[in-house]
Amino acid sequence: MRLEIRVLGPPEIVSAARETLLVRQPLAQALAVRLALARGEAVADDILIRDLWADEDAARPAARLRVLASRLRGALGEHATALRRSPAGFSLLAEPTDLSAAEKALSTIDAVRRSGDQARVFGTAAAAIDLWRGDPLAGLEDIPFVDAEQRRMQTLHVDLQLAWAEAGLALGRPVGPELERMIAVHPLHERLVGLSALALTRAGRQAEALDRLRSLRSRLADELGIDPTPETVALEDDLRGHRPPAPRIPLPTAAKNFVGRDRELAALLRELRRPTLITLLGGPGAGKTRLAREVAAQTAEHGRSVAWLDLAPLRQGDNLIAALAGAVGADGGGESLGHSAELLTGALLVVDNAEHLADAVVPMIDALRFKAVDLSILVTSQLALGLSDEQVRRVGPLAVADAAQLFCDRCGAEPSPAVEQVCAAVDRLPLGIELAAGLTRTLSVEQLAARIEGRLRLSIRGFRAAESRHSSLRAALDWSHELLEPPVRTVLRRMAVFAGGCALDAAEQVLAGDGIEADEVAELLAVLVDRSLVTMDVDERFSLLETVREYGLEHLRAAGEETAVRNRHVRWCVELAQFSRHAAALHQRLALRQQVTGRVLRLEEPNLVAAIDWCLAEGNDPARVGEIVAPLSWHWVFRGLMGQARAWLRASLAGLTEPTVERAAALAGLAAQTRFAGGFTEALETGLESAAIYRSLGDNRGLAIASQGLTLTSLALDDVYAALQFGHEAEVLTRGLGMGVVLGAALNCNGMALRQLGYPAEARAFIVEAYDVWAAVNDEQGKVLAIGSLGLLDFQAGDHERARSRALEALRIARGIGYSTGVLDCFGLLAILAAAEGSYEFAVRLLAVSDHQRAEIGAPVFITDRLQAEATAWSRCRAALGPETDRLATLARHQSPEPLAAELLAL
């Protein structure tokens, strides 16, 4: 059963049966309180040790913590099982009930008072204030973590007292005596002193009110060296004018340290100096309100009047004019905009959370802009208002550096890869970052990074300062989801099957069905883009942030649609891989090696992988995997994903037992991936089976591809004559079928075979023709291969300068198209040249990077004369440098290929 721990006074531990449990030792009490403040989450040992003993020189701190936990269990008696131990640390099944109730009360007050219900604010605040039984955590003052907690609880107490006093003044209640007691404790608290001055004025004691404000000004200057805030100055000016000011709802508190969006903030402050209307547009958790608060705070600091109207508590049909009147302190019960517009002359009005009341907000803002002189309006919304002259400023995720800085600022962590991982998991959304930072009270940053994937990033608990609807990422998304019409919700949840976004034609194929027509998809996606739940980039690809995508997948499962929509997504991926309608629409040729298509595949790779994973798991359709993976064998090599592709194809073949085209294609793909990983014998057997099936089916196109694969495998096995035989068959078949890319590969392989047999002139003729064929079909990857083959011929002929020129040309192309193994091929050829010319240290660097990267991605060199040339280069370096060779190689091997490629091309 959960224990109740009261902290707003001397700590008390109460059982579910309302029995008070006596824990006499202060440290044991402190451990119980610290764990209760974690609200059931495990707290890591190092954090508990820090919080309970700080830097005290304690011997064996971990053992000391275990002893303390044992004492707490003993004190809890039959409730000892509430204290639990896990690999993450200690946890206590307990709740700080009085603190939670006070925090909930303040959240309720923040929402209710903006609707103008001051009576409810007054009653809620009074009930919460009564929860205090004395000084929070009295008796534990010497425990390191307690000081910060006491200050936090005292701040909460003052916030509740302020809310009570403000509402009491608005209701005409006698709050003056209590304000006097509060000021005695907090004499320099400007809002408290300001409220007491208002109370004195309403009691007819205006001179005393002015004396109190003058005294405050003097003490602020003498004791703190600061001036009063613009609000205090304005209050004093109002009192001197003998006009009792109406109580205005205070501005929400801005962040102590505003991190990120410096450029956006500066632009907003500049533009809002003049009468204008600006809407901050963004999805849930993007930080629209956070940015607006900072704008409001800095505007107020410069002496301009600022009013804040939060629409989140309001619903359709509520009196928006009355809410505005309450926000600006207008008279007349909210029946007319007149007095509100008068009070807003020259002011900045911030209208927060307008998306659900846009239809009512538009006429109100239109009227205010007509009636109020020099009024600037800043709106936060997930939907643009569509007013004339409205300026829309999109608010998206933070930059990587800003996200990390915000996280570190909120929890005191140091920048690290774990910090970046946490920020990335919540899409670098300020709300998610702030909430995640709060979890470091119970988890180290590394533990948080290890756990934050999946459901945690949606359900991160909030903190007292968070608005109720933003108490977690899930709450923020629920708010946005509830505002959508049913068809829009349907498209949002179905969009979640796309792992890497999609173009409109893909969305129409996958999202349509079961109540959604294909010609409706574009319009429904446009609504989601307008609502900032779906993003659309410059290439007109639609995508979801990962947190939104995960949320959508949960709703997709709950709706019982996941299998049907996933299967449509798989069919679309198969079409893409099989050069079907999607490929034809892009005017592609047979091969997918063209630059345009290669770029499309790189964009769609997350979708392809998601479809494969679904087929191998919940979809239970491994046979379809081969239909996606096998036709794209070159792509997996191109991207360095050969190992992954082999695993996929082996799983697919388990479901393809008959000698069909699908099995033959999967076998051909597996042979290619296995060959590139160095499994040449297995690749030969697999390739021969594939060729046999194609031959039996009379499929010459498939046979040509299989024969070309066998050509490469035979070269790898140093069976040059078999390579020439398979290469000749592939050449003959492809010439007749017009298969330009495969023809180029066959010609290049025939050239490499002749090069190894010692026929350089004949080899060169084949390779030059291969280059011409590949160039004619705009196959950039093929051009890299042919240029590299010619470069090795040039080196063997002693023409080093021409070989170097070719290697750099191939490197430029390979780097430009992201062809990772092509880049490594160029490094190898340049290393061979460097070693032959005596640049041994440079050669070691190139060879070390190339060898390490090939081992990482599973792509060894397998052409015999190329292998021999690289081995000779290593031997020359070792002979010249001795043991220094290994040291240089160790230093170089972990260097990234990209800066090395850039350096080579800049030479």
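Tutor: Happy to. Leu-169 is buried, because its relative accessibility is 7%, where buried means under 20% relative accessible area, exposed means over 50% and partly exposed lies in between, using a 1.4 Å probe and protein chains only. Keep in mind that this is a predicted model, in which local features need pLDDT of at least 70 and side-chain atom pairs count only at pLDDT 80 or more, while totals for chains, interfaces and linings use all residues. Residues are numbered from 1 along each chain as its sequence is written, and side-chain values use heavy atoms, with hydrogens and water left out.

Student: Where does Leu-169 lie?

Tutor: Leu-169 is part of helix H6. Helices (H or I, at least four residues) and strands (E, at least two) are DSSP runs, numbered from the N terminus.

Student: And what does Leu-169 touch, not counting residues up to four places away in sequence?

Tutor: Its partners are Val-175, Leu-195, Leu-198, Ala-199 and Arg-202, not counting residues up to four places away in sequence. Contact here means heavy atoms within 4.5 Å. As for Phe-122, which is 47 residues apart from Leu-169 along the chain, the two C-alpha atoms are separated by 9.7 Å.

Student: Let's zoom out. How many residues does the largest nonpolar core have?

Tutor: The largest nonpolar core has 79 residues. A nonpolar core is a set of buried Ala, Val, Leu, Ile, Met, Phe, Trp, Tyr and Cys residues joined through side-chain atoms within 4.5 Å. Those with the most contacts inside this core are Ile-5, Leu-31, Leu-52, Leu-92 and Leu-160. Helix H6, residues 146-171, gives the most to this core, with 11 residues.

Student: Which residues is Leu-92 in contact with, leaving aside its neighbours within four places in sequence?

Tutor: With those neighbours left aside, Leu-92 is in contact with Ile-5, Ala-32, Leu-35, Gly-40, Leu-76, Ala-82 and Leu-83. As background, nonpolar side chains tend to be buried together in soluble globular proteins.

Student: Which loop is Arg-39 in?

Tutor: Arg-39 sits in the loop between helix H1 (26-37) and helix H2 (45-53). Its phi is near 55 degrees, a positive value in a residue other than glycine. For context, most residues other than glycine have a negative phi. Arg-18 also has a positive phi, of about 70 degrees, although it is not a glycine, and Arg-18 lies in the loop between strand E2 (12-14) and strand E3 (20-21).

Student: What about His-852, buried or exposed?

Tutor: His-852 is buried, with a relative accessible area of 18%. His-852 has its place in helix H41, residues 840-857, and touches Arg-893 and His-894, not counting residues up to four places away in sequence.

Student: Last one: how many helices and strands in the protein?

Tutor: The secondary structure comes to 44 helices and 13 strands. Buried residues make up 53% of the 907 residues, and the C-alpha trace spans about 110 × 70 × 55 Å along its principal axes.
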